[in-house]
Amino acid sequence: MDRRTKEAVRYLGYGRNAADEKTLALIEETFAELERTVSPKSVWRIFDLEQTEDGRNIIGNMEIESRSLARNLKGCAKAVLFGATLGAATDRLITRVSLSDMAKAVVLQSCAAALLEEYCDERQLAIGAELEKEGLYLRPRFSPGYGDFDITYQQPLMRMLDCAKTIGLTMTDSFMMTPTKSVTALIGASPVKERCPVAGCEACGKTDCEYRR
């Protein structure tokens, strides 16, 4: 079972239980359909990072109060602002399937989430390779909504990336992203290379890591 399938199974809530053959076949079919539908786009920009003793993180003209984010960014000289989306056609597919087959729609939601995660990992590896030429190494992505990094910071982050113009990503008054299969994140860039997997803290067994989100 490849990683994207494992992720889809995890999003479906199977936990440690194995998915049955029928579900796995539906997942494979759904990924194939998504591959024909998605039009992924991403944008990133790098900013100087300043951290204060009282836990504030100053990135460009954005000031973020979050101790969990400060811990993740500890020792970083720069911060990468990142945004990605699978595109509006993915939302239209999910809506259409939801009207006729709710069971498949649930699998579709899970597969789309796994596909988005896979795309973000690929883009982060590419960004990391570029920044390593400058002697900077990336930490795991950290999105608004993690820990005490409030979801309202989604707004200034998207504004600094000009997401509406660059990748067609907007936000509702309740801080929901449109298209829904989208993500924004901060990624710390440190002059010290840590053994952080691109898959993030969930894939790492070092539970006592001081940068853990």
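Which residues of H6 are buried? In this predicted model, where residues are numbered from 1 along each chain as its sequence is written, local features need pLDDT of at least 70, side-chain atom pairs count only at pLDDT 80 or more, and totals for chains, interfaces and linings use all residues. Side-chain values rest on heavy atoms, with hydrogens and water left out.

Helices here are DSSP runs (H or I, at least four residues), numbered from the N terminus. Helix H6 spans residues 154-161 and is mostly covered, with six of its eight residues buried; the term buried means under 20% relative accessible area, against over 50% for exposed and in between for partly exposed (1.4 Å probe, protein chains only). To come back to the opening question, the buried residues of H6 are Gln154, Pro156, Leu157, Met158, Met160 and Leu161. Just after H6 comes Asp162, which adopts a positive phi of about 50°.

Thr90 lies in helix H4, which covers residues 88-98, and Thr90 is buried at 0% relative accessibility. Leaving aside residues up to four places away in sequence, Thr90 touches Leu34, Thr37, Val38, Ala112 and Lys181, where a contact means heavy atoms within 4.5 Å.

The cysteines complete the picture. With a disulfide taken as a pair of cysteine sulfur atoms within 2.5 Å, the count comes to zero disulfides. Cys120 is accordingly in no disulfide, and the nearest cysteine sulfur, that of Cys163, is 12 Å away. Cys120 is buried, with a relative accessible area of 1%, and Cys76 is also buried, at 10%.

Notes:
Helix = DSSP H or I, 4+ residues; strand = E, 2+ residues; numbered from the N terminus.
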